Number of protein chains: 2
Amino acid sequence: MADRFAELVQRLETVDDLERAAQILSWDQQTYMPPAGNSARGEQMTTLVETAHARFTAPEVGELLAELEAESADRPDDDERRALLRVTRHDYDQAVRLSPGLVAELQRADAAAYAAWTAARAGRSFGCFLPAFERVVRLMREKADALGFPQERYDALVDLAEPGMTAGRAETLLEELKAVLVPLVAAIGERRGQVDRSLLLQHFPEAEQWQLGREAVRAIGFDFRHGRLDATIHPFETAFSPADVRITTRIDEGFFNQGFFAMVHESGHGMYEQGIPEQWSRTPLGKGISNAVHESQSRLWENLVARSQGFWNFFLPRARHYFPQQFGDASVEEMYRAVNFVEPSLVRVEADEVTYNLHIALRFELERALMRGELQPADVPDAWAEKMQSYLGITPPDDLSGALQDIHWASGLLGSFISYTVGNVISVQFWRAAEVAVGDLEGQIARGEFSPLLQFLRQGLHRYGRALSTEEILRKTTGTGLTAEPYLGYIQAKYREIYGL
Amino acid sequence: MADRFAELVQRLETVDDLERAAQILSWDQQTYMPPAGNSARGEQMTTLVETAHARFTAPEVGELLAELEAESADRPDDDERRALLRVTRHDYDQAVRLSPGLVAELQRADAAAYAAWTAARAGRSFGCFLPAFERVVRLMREKADALGFPQERYDALVDLAEPGMTAGRAETLLEELKAVLVPLVAAIGERRGQVDRSLLLQHFPEAEQWQLGREAVRAIGFDFRHGRLDATIHPFETAFSPADVRITTRIDEGFFNQGFFAMVHESGHGMYEQGIPEQWSRTPLGKGISNAVHESQSRLWENLVARSQGFWNFFLPRARHYFPQQFGDASVEEMYRAVNFVEPSLVRVEADEVTYNLHIALRFELERALMRGELQPADVPDAWAEKMQSYLGITPPDDLSGALQDIHWASGLLGSFISYTVGNVISVQFWRAAEVAVGDLEGQIARGEFSPLLQFLRQGLHRYGRALSTEEILRKTTGTGLTAEPYLGYIQAKYREIYGL
């Protein structure tokens, strides 16, 4: 049976090669490709995705899996092998439900939607995006039906993005958050004058922002020997192996937060992938467990580390070095308060910690209604405006800052937003566990010592790759399952203090 | 039958997608990948190459081809279809002779040889490269035997690089060139003081070299909307589609020619690929015919255009703009003479036009002897030194400037050097034809008008992709087959004038 297991692994490795190759093509498309290359690139990526899917869903893989599962009871101690079979079974059962035709059609619909979205953004009109979006919604309903679901269609998409999650559980979590956050946002609104962020709205030349950002992400532990940082329109992280992790960002010369916190955020994703055991590279175990656990890492470094007072105690001198005019007179306290400014705003990726999850609630509710057929794609902009008003008290002046802002719907990613909220919530669960295990985190960070925290995350979750489930990782590392209480406690304490509530 | 043809084309398109994807991974590996990514990257590329080979050599492709060939007599007017079938048959018959195992082993041997070559270069010792090189030589013999050959084993490799060429024909051509060039090099050696190139050996800061080079390649016609230029250790060109053509170079701050002429050279390759009809993208017709025709384009722009007096008449003011100290006092005549300095030198890619083909003769003769078993890999450095002395009168001080200089043997490329010489020879055949068709080329170039020449090349060869053979292109565009006479006439006239012989 050793040979049969090796045979399975070898097949899975080539599937991984094809999938990673598609990611490399996508990275190039977003970083360096001349736009005219788009058409051929779309075809090349479609072929890679189709080929990977066909190879993974080949009957031989199903036979190997079944055979190896049958005899895995004889090997109770081989955790790694059992984990690989479990994860492969999960992925396989999902993949075989999608026909090659649907996989190819989804890939092409995504490419078309991306092109339409870009054009629609230029014209600030959702109408230009609508036909492509209708096609995506129709195909995502087909996909959900093909995958199957316990309660409602949207469950299938939520589970795909976040294994084990359902629309119902997500709703419960979001309601728990909304009950605290909506009134908190309103209360802060009464006291907006408490925090001055004009410090961050000066002119910050791009070259120095790159230098400062590189220094910051290197300091916290992103390894440039095993990765790199480039410029793109939309920040992202992608891993071609644990030894080759790419992160990207964009810079706004008029707003310090845009580039800086995106770099830290993406490096959080990147450090997770850099911490995956090298020997699992090319296998289904060799990546992060789920979108939510991934997001917990990026948000932990972005918010709990880089938006802490301790961090600016350590890093403000470096920021002053690159921006002596802009930050020369700023105190640590001023910087800390400025980077934690709270204001209802139109764009999710620029939202502060307090309002962020209300953006997610909005998208979750619209997507769910689309899948239930209670909302038509054409009515999305109106529904968007209504919810923005209800949760944040503001209304988008146009679709660019409304329903056209996210790349997700132009990439066939419906069902994935809830992972961001779960990620925020569990980032604080991991943080609390790190405080217990490592001790004085705030003090270490104030001295620029990030290694104990990174080592805790390496040991507590990175090294497991996908060998444990999200639930198992949470229980093992934090002692409990998913719970919003630490997150809500953190948010309320931090912002009541800052805004003197 | 229309459906069957469409079916064949669709299969070939996905093969092309996989091959181009491998090229994209290779481009990234050489431009931006952190070195630690090498190991995973090698596996990813191997999987892409194996998958492309397996898909191309599938029995269904053979059946489709045979069926469509049988009925192609009924369609005497469909030139495009007949060309596609002819080219596909040529490639298919070669590909099916190579077993999947050999393809994979070659790919892995190349990756290992590349790593060993890099290490050997650092240590300047051929010995470190020898075991990997022995493996490459052994596998190339196996490959040649699998492909089959009319006369001798080396024929198989030469034909693979340059369809229609044989070792015997290559030898005849090289002997014809050697008979003129060896004495010409010696005669120039007597009058070396005639040309002063100290102009080019000043300090040229890298940033300005990039700006000047970009301006030059844009001026001659390389289209940056459909391509880009990056830095690599070894200059190369690679095309992901006619709309996405990448060229690269390296810069030497102490020697102007290194970067500048490499940029022009690679842009010659790039303009060829940019001129391939977009509708053939993804098909076997959608690339350059052969290495030699490719090289004829790069050498034409590099030598006949950018090393002409007219070119510097146009471009010296721009060079002075970026390098006022270095070129402020130089005349067009001095610049022209300096960039055409002739000197026996150790490194092929830095060789001048007169000595260049003697470097090729050396490699051709060593490779042929290796394939015949008359030379052992371990004896290559000695044989190298002996031939350098005999053709150029110099001896490499170490292996770095000797047998370790080219990337070819570390990439499994045996048999391909002759294409450079054929390319040089036919570049002048194309040039003579352009002079007849377009008129006053030198005058146009002196005025910075490159478009008539580029249009001639677009019409005369670029637009045919692989739809005509090298021989057909030559006859159609120049009126004759391969002949060394125009090339030898050009070299002798130009360098007798410069050196006053």
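Is R75(A) buried, exposed or partly exposed? R75(A) is partly exposed, because its relative accessible area is 29%, a value between the 20% and 50% cut-offs. The model is predicted.

**Around R75(A)**

R75(A) sits in a loop of chain A. α3 (59-70) lies on one side of that loop in the chain, and α4 (79-96) on the other. Leaving aside residues up to four places away in sequence, R75(A) touches R81(A) and R82(A). F133(A) is 58 residues from R75(A) along the chain. The C-alpha atoms of R75(A) and F133(A) are separated by 48 Å.

**Where chain A meets chain B**

The two chains also touch. Chain A brings 33 residues to the contact, and chain B brings 33 residues.

| Feature of the chain A and chain B interface | Value |
|---|---|
| Buried area | about 2600 Å² |
| Share of that area from carbon and sulfur atoms | 60% |
| Salt bridges | six |
| Residue pairs in polar contact (both at pLDDT 80 or more) | 14 |

One of the salt bridges joins R246(A) to D28(B). Their closest N and O atoms are 2.8 Å apart.

Which elements of chain A give two or more residues to the side that touches chain B? They are the helices α1 (2-31) and α2 (38-56), with the strands β1 (227-231), β2 (237-241) and β3 (244-249). α1(A) gives the most, with nine residues. By type, the residues on this side of chain A divide into 14 nonpolar, eight polar and 11 charged.

Conventions: Residues numbered from 1 in each chain as written. Chains lettered and ligands numbered in written order. Predicted model: local features only at pLDDT ≥ 70, side-chain atom pairs only at ≥ 80, totals over all residues. Heavy atoms only, no water. Helix = DSSP H or I, 4+ residues; strand = E, 2+ residues; numbered from the N terminus. Buried < 20%, exposed > 50% of the residue type's maximum accessible area, 1.4 Å probe, protein only. Contact = heavy atoms within 4.5 Å. Buried area = accessible area lost by both parts, 1.4 Å probe. Salt bridge = Lys/Arg side-chain N within 4 Å of Asp/Glu carboxyl O. Polar contact = N/O pair within 3.5 Å; in protein donor to acceptor, adjacent residues only side chain to side chain. Nonpolar A, V, L, I, M, F, W, Y, C, P; charged D, E, K, R; others polar.
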